[in-house]
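Please take the chain below and go through it with the text that follows.

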Amino acid sequence: MFSVLDMFTIGVGPSSSHTVGPMCAAQAFASSLEESGAVSRVGRIRVVLYGSLSLTGLGHGTDRAILAGLEGNVPATVDTDYLLSVRERCAHDGTIHVNGTNAIAYDDDGDMVFDRWKRLAPHPNGMRFQAFDAQGNIIDEQVWYSIGGGFIRRGRIDDALISNHEQTPASSQPPKDSGNDETAEYGDGVPYPFVSCDGLIDLCRKHHLSIADVVWANETARRSPQEVRDRLTRIWNVMSHCIDAGCASATPTLPGGLDVPRRAPLMYRRLAANSDVLRRDRRISSALESSDSAWVALFAMSVSEENAGGGRVVTAPTNGSAGIIPAVLEYYWHFVESADDEGVRTFLLTAGAVGYLFKRNASISGAEVGCQGEVGVACSMAAAGLAAVMGGTPEQVENAAEIGIEHNLGLTCDPVGGLVQIPCIERNAMAANTAINAVRMAMLGDGSHIVSLDQAIATMKQTGEDMMSKYKETSKGGLAVNVVEC
C-alpha cells in the first residue's frame, strides 16, 4: 500500500521520471525473466522508448539507467560511477549481463531504440521491453510507464501508439498496476485515511491532531515506530550529505555538453568566508524574518548540481525538484534556534502528506503537467513542512502549501538540451525561497483563505491538461529552442 514516505526515495540523478523510473522498470523486467525461469533462454533484449523518454532520454541518461536496471541494479544502491559508463562498456563489449549474471548479446544501435515520433497513449513516459531467444522468437514482452517521482506502472502490450504531438485520447486509460492502485485511499485499513486536504484538515480538527500526527499514526500502523524513524533519518542524512557534496565538488562543469559550470562550490566559499553556517554549532535565530536567502539558494543549487551530475539524491518528490525540500529543511536546521530531530520528522511527514495529495489528485510528472508538477509541488510540500515546524496550525500549514503552488501554476518544463540544468537548477533555488516566503505570509494570518489547496491542486491538473505538449519535457519549446546549444 502507498506510504507517504514513498514521496522521498533515495536514488540517482539526473531525473526521477527519466532515470530512476526506467531503471526500476528495467530491473522489474529482468527480475520477471529470472522468476519465470525464462532468463536462460534469452539471447537478446530490445528496448523501445517513446514520448518524452525518446525526446529527452539521452540528456537524462535513460539509456544508461535501463542498461543498469537490466543488469540488476536499483537506484538506491547503484554505483554512480558505473552508471555513468555502463552504456559505453556494453557497446564496447557487445554484451549485457541480465541480473548481473547471464551474458547476452547487445547491439547499441538496434537494441536501444528512441522512437521520437510516437508515444504510448496512456502516458508520455512509456517504454517497451522485448526478450528474444536465439532464433528471434519473443519470449516475453512488457510495457511500463514512468509516471513521475520514480514511480512506475505496468501497462498492456497492446496500449495504443499515437503521434508525439497528439493529446491523450479520452478513451485511453491511465497506466495502473493492480498491486498499487494510486486512486486508492491513503492507507486503507489505517486509522486516518484521507484523499483530500479538506478531509485531512477535518481529521486534524476532529481528533485534535497535527498533520504530522495523522501521518505518523498511519505509517506506524503498518511498520514499527523505529522503522519509520530510521527511514526518516536516512532521508534527512542523504539530503544533508548531498548539500555537503555539492558545496565541496571539485568538478568544474556538469556533464551533457552544455558545459554549465558548477556554481555551488564558489558560492559556498564566498558565503563561508563571512560565517560558515554549515559548520557552526549554534543556530542564529528563532524568527523567519532572519532568513538568509543566499544560503537557501546555495543549499538548493548544491543538491540540484549533484543531481545534474548523476550523484546520489533524494527524489523529493522528483529529481528535477530535488533541491527545494532539502534547502528549506536545511534552513530550518541552521537558522531556527529550536530546530531538533523531532522537528525534522515533523517537517518530512507533513511535506509527504501534501505531496501525496498532489500525486493522487493531479500529477508529479513534468512530462504530464509541466514543471508545475515538479518544482511547484516541491515548493508546496516544503512550505507545508516549514509551517508545521514553525508552530503553524493545520489551517496555516494548508495555507502555506496553497501559496506555494498557486504561484507556480502554469510553470513549463523546457530543459535546454534535454538536461536537468537550465533552467532547472536556478528554478530550485528560487522555489526554495518562495516556500519560505509562503510560510511568512501564512504565519501572519490565522489560516483562513479563499483558495483551498484542493482547488489549487485541481487547477494545476487542469492547467497541465491544457498545456501544449512541447512545454512538457520534450525540449521542443520555450527556452529549449530559444537558447543556442554550444
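In which loop is Asp259 found? Asp259 sits in the loop between α7 (225–248) and α8, where helices (H or I, at least four residues) and strands (E, at least two) are DSSP runs numbered from the N terminus. The model is predicted, so local features need pLDDT of at least 70 and side-chain atom pairs count only at pLDDT 80 or more, while totals for chains, interfaces and linings use all residues. Residues are numbered from 1 along each chain as its sequence is written, and side-chain values use heavy atoms, with hydrogens and water left out.

The confidence figures come next. pLDDT is the predictor's confidence in each residue, from 0 to 100. The protein averages a pLDDT of 91, and 92% of the residues score at least 70. Over residues 176–184 pLDDT stays under 50, and for this stretch the model has 15 contacts beyond four places in sequence, a contact being heavy atoms within 4.5 Å. Residues 285–290 also stay under 50 in pLDDT, with 17 contacts beyond four places in sequence.

Asp259 has a positive phi of about 55° although it is not a glycine. Asp259 counts as exposed because its relative accessibility is 54%; the classes are buried for under 20% relative accessible area, exposed for over 50% and partly exposed in between (1.4 Å probe, protein chains only). Ser475, not a glycine either, has a positive phi of about 60°. Ser475 lies in the loop between α16 (453–466) and α17 (479–482) and, with a relative accessible area of 18%, is buried.

Two cis peptide bonds can be located in loops. One joins Gly13 and Pro14, with omega about 10°, and Pro14 is in the loop between β1 (9–12) and α1. Another joins Ile422 and Pro423, with omega about 5°; Pro423 lies in the loop between α14 and α15.

Ile422 is partly exposed, because its relative accessible area is 32%. Together with Leu479 and Val483, Ile422 makes a nonpolar surface patch of about 190 Å². Such patches are made of residues with over 30% relative accessible area and no salt bridge, nonpolar side chains (Val, Leu, Ile, Met, Phe, Trp, Tyr) being joined within 5 Å and like charges within 9 Å. A salt bridge here is a side-chain nitrogen of Lys or Arg within 4 Å of a carboxyl oxygen of Asp or Glu. Accessible areas come from the Shrake-Rupley method with a 1.4 Å probe, and for residues only the protein chains shown count as cover.

What surrounds Tyr50, leaving aside its neighbours within four places in sequence? Tyr50 is in contact with Asp115, Lys118, Arg119, Leu120, Pro124, Gly126, Met127, Arg128 and Leu161. Tyr50 lies in the loop between β2 (44–49) and α2 (51–60) and counts as buried at 5% relative accessibility. Helix α2 is mostly covered, with seven of its 10 residues buried: Gly51, Ser52, Leu53, Ser54, Thr56, Gly57 and His60. After α2 comes Gly61, whose phi is positive, near 75°.

The last topic is aromatic packing. Rings of Phe, Tyr and Trp (its six-membered ring) pair if their centres lie within 6.5 Å; planes under 30 degrees apart count as stacked, over 60 as edge-to-face and the rest as tilted. By this rule the count comes to six aromatic pairs. Phe29 and Phe129 form a stacked pair, 5.3 Å centre to centre with 25° between the planes. Phe29 lies in helix α1 (residues 16–36) and Phe129 in strand β7 (residues 126–132), so this pair ties together parts that are 100 residues apart in sequence. Phe29 is buried at a relative accessible area of 0%, and Phe129 is buried at 0%. Tyr268 and Trp295 form an edge-to-face pair, because their ring centres are 6.4 Å apart and their planes are at 75°. Tyr268 lies in helix α8 (residues 264–272) and Trp295 in helix α9 (residues 293–308), so the pair ties together parts that are 27 residues apart in sequence. Tyr268 counts as buried at 13% relative accessibility, as does Trp295 at 3%. Tyr268, Trp295 and Phe299 form one aromatic cluster.
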